[in-house]
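Here's a quick briefing on the chain and its ligand site. Have a look at the structure first, then run through the notes below.

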Amino acid sequence: MTPSTAAPTVPGLDFTLDPELTDRLRAEIVTLWTDVSNAGGSVGFVPPVTEQRVLPTAVQQFAHVGGPADPDADRLLIARAGGELVGVLFFESMRFDLMDHWRLLKRVMVCPTMQGRGYGAALLAEAERIARSWGLAGLRLTVRGGMGLERFYGRCGYQEVGRVPGAIRVGPGDERDDITFWLELREG
Ligand SMILES: CC(C)(COP(=O)(O)OP(=O)(O)OC[C@H]1O[C@@H](n2cnc3c(N)ncnc32)[C@H](O)[C@@H]1OP(=O)(O)O)[C@@H](O)C(=O)NCCC(=O)NCCS
């Protein structure tokens, strides 16, 4: 477990990389994931969802989480404010040698009641700092179109590098683009 310091613009936000994935933390993440989904967040579900519905997907996500000793592991970054879990993301490994120089960010989410306070930007800044410390060439993520998220990721330095039209069907007749973003970490 590696505690680290928040971006200076957001006092009181504490990040932990590789927290011990206890039953309590798993339950906190499932609750956060459910709340974010029910608030309309694009983290794999369409509202309404229950924790029971989110749980199997969360269990799959947790299954690959490990620490620095396992180079193929996914890594978990959490943010707490006043002890409360307020933000989460996973660094996902492709588990493929030819793609080991970058990671996919998954399930980037901030507690709905805490959104708009700069936590999301601070979480991404911390992810970038960690990725640079690992020597990664870049961070990739995918975004559901039609949510206005492009502006948020653009402001965090990510560039749109691809778009599959209508690849995400959120409901009958409601298909959204699957947009790929990339944060370049190589110099020059
Ligand atoms: C995206 C998310 C992580 C941003 O976290 P946050 O703490 O709200 O972000 P910040 O406070 O740092 O930045 C807020 C800015 O992003 C914008 N923003 C955030 N989410 C947005 C959304 N879904 N649509 C439009 N704008 C959004 C806000 O309008 C705000 O911009 P402004 O400062 O110009 O008003 C958070 O909104 C979230 O968890 N969303 C639901 C889950 C989700 O969709 N995740 C993305 C998966 S790819």
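**Quick briefing**

Of the chain's 188 residues, 26% count as buried. Keep in mind that this is a predicted model. Four helices and eight strands make up its list of elements, and along the sequence they run β-β-α-α-β-β-β-α-β-α-β-β.

**Overall shape**

- A compact globule of 188 residues would have a radius of gyration near 16 Å, and the chain agrees, with 16 Å.
- Along the principal axes, the C-alpha trace spans about 45 × 40 × 35 Å.
- Looking at contacts with a separation of 6 or more, 53% come from residues 24 or more positions apart.

**Around the ligand**

- There are 21 residues around the ligand, and Gly41, Gln115, Gly120, Ala121 and Gly148 come nearest.
- Two or more shell residues each come from strand E5 (102-110), helix H3 (119-133), strand E6 (138-144) and helix H4 (149-155).
- Sorted by class, the shell holds twelve nonpolar, seven polar and two charged residues.

- Ala27 sits in helix H1 (residues 23-38).
- Why does Ala27 count as partly exposed? It has 14 C-beta neighbours inside 10 Å, and partly exposed falls between the cut-offs of 12 or fewer for exposed and 20 or more for buried.
- Ala27 and Leu77 are 50 residues apart along the chain, with 15 Å between their C-alpha atoms.
- Helix H2 (residues 51-63) has 13 residues, which should span 18 Å at 1.5 Å a residue; its end C-alpha atoms are 18 Å apart, in agreement.
- H2 also bends by about 25° at Thr57.

How values were computed:
Residues numbered from 1 in each chain as written. Predicted model: local features only at pLDDT ≥ 70, side-chain atom pairs only at ≥ 80, totals over all residues. Near = placed C-beta within 6 Å. Nonpolar A, V, L, I, M, F, W, Y, C, P; charged D, E, K, R; others polar. Expected span 1.5 Å × (residues − 1). Bend = angle between axes of the 7 residues up to and from the residue. Rg over C-alpha atoms; globule rule 2.2 N^0.38 Å. Contact = placed C-beta atoms within 7 Å.
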